[in-house]
Amino acid sequence: MMKTVVRNTIVSLCLALALVSCGRKAKVISRKDMSKICADMIMADAWLESQSPELKSAADSSSFYEPIFNKYGYSMDDYLHSVDHYLNDPLRFSKIVLKAKNIIIDRKEEYEGRMNEVQGAPIQDSLELFQRDQSGTPATRIMGVRRKRE
């Protein structure tokens with residue numbers, strides 16, 4: 001009985017090792033995607049820093065960044081392999097980081113532009129529109145209300 005358990009355990013371990021060794025080899029992420037990933041990671045870090053201490057301490061870095069890697073079709077292993085690859089060429093790596101910085105600056109400018117548009121737009125309450133417009137014009141027609149003629 002004991003020999004069977006040991007044999008089954010050994011066979012199971014061998015099969016598990018065979019499956020792991022047949023796994024996908026980590027690939028080098030393109031410089032373009034690497035810049036986008038770095039920008040997303042920096043923004044995610046900034047967001048996390050703005051959260052409560054409990055949330056910050058609960059965030060595991062590997063699981064925290066996994067959705068970012070998945071967004072671009074890569075894994076944590078691909079990212080780590082790529083960082084190792086690009087660190088061997090400091091000039092290339094500095095260009096990736098500079099591009100990530102520019103992506104963040106562009107996103108910030110886009111966000112600020114949208115905020116300026118929203119802040120400049122008039123804010124109207126739907127009830128205020130309804131009360132002001134009692135003649136059956138488009139605002140009241142949209143709401144499906146018709147005023148009875150007196």
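This is a predicted model: local features need pLDDT of at least 70, side-chain atom pairs count only at pLDDT 80 or more; totals for chains, interfaces and linings use all residues.
1. A search of the whole structure finds five salt bridges. Three residues among the partners, Asp 40, Lys 71 and Arg 107, are linked in a network of such contacts, and the next three points take this network apart.

2. The side chain of Asp 40 forms a salt bridge with Lys 71, with 3.2 Å between the closest N and O atoms. Because Asp 40 belongs to helix H2 (residues 31-49) and Lys 71 to helix H4 (residues 61-71), the pair ties together parts that are 31 residues apart in sequence.

3. Asp 40 also takes part in a salt bridge with Arg 107, where the closest N and O atoms are 2.6 Å apart. Here the partners come from helix H6 (residues 90-120), which holds Arg 107, and from helix H2, which holds Asp 40, so that this pair ties together parts that are 67 residues apart in sequence.

4. Asp 40 is buried, its relative accessible area being 11%, whereas Lys 71 counts as exposed at 56%, and Arg 107 is partly exposed with a value of 27%.

5. A further salt bridge joins the side chains of Lys 108 and Glu 112, at 3.4 Å from N to O. Both residues lie in helix H6, and because they are four residues apart there, about one helical turn separates them. Glu 112 is partly exposed, with a relative accessible area of 36%.

Conventions
Residues are numbered from 1 along each chain as its sequence is written. Side-chain values use heavy atoms; hydrogens and water are left out. A salt bridge is a side-chain nitrogen of Lys or Arg within 4 Å of a carboxyl oxygen of Asp or Glu. Helices (H or I, at least four residues) and strands (E, at least two) are DSSP runs, numbered from the N terminus. Buried means under 20% relative accessible area, exposed over 50%, partly exposed in between (1.4 Å probe, protein chains only).
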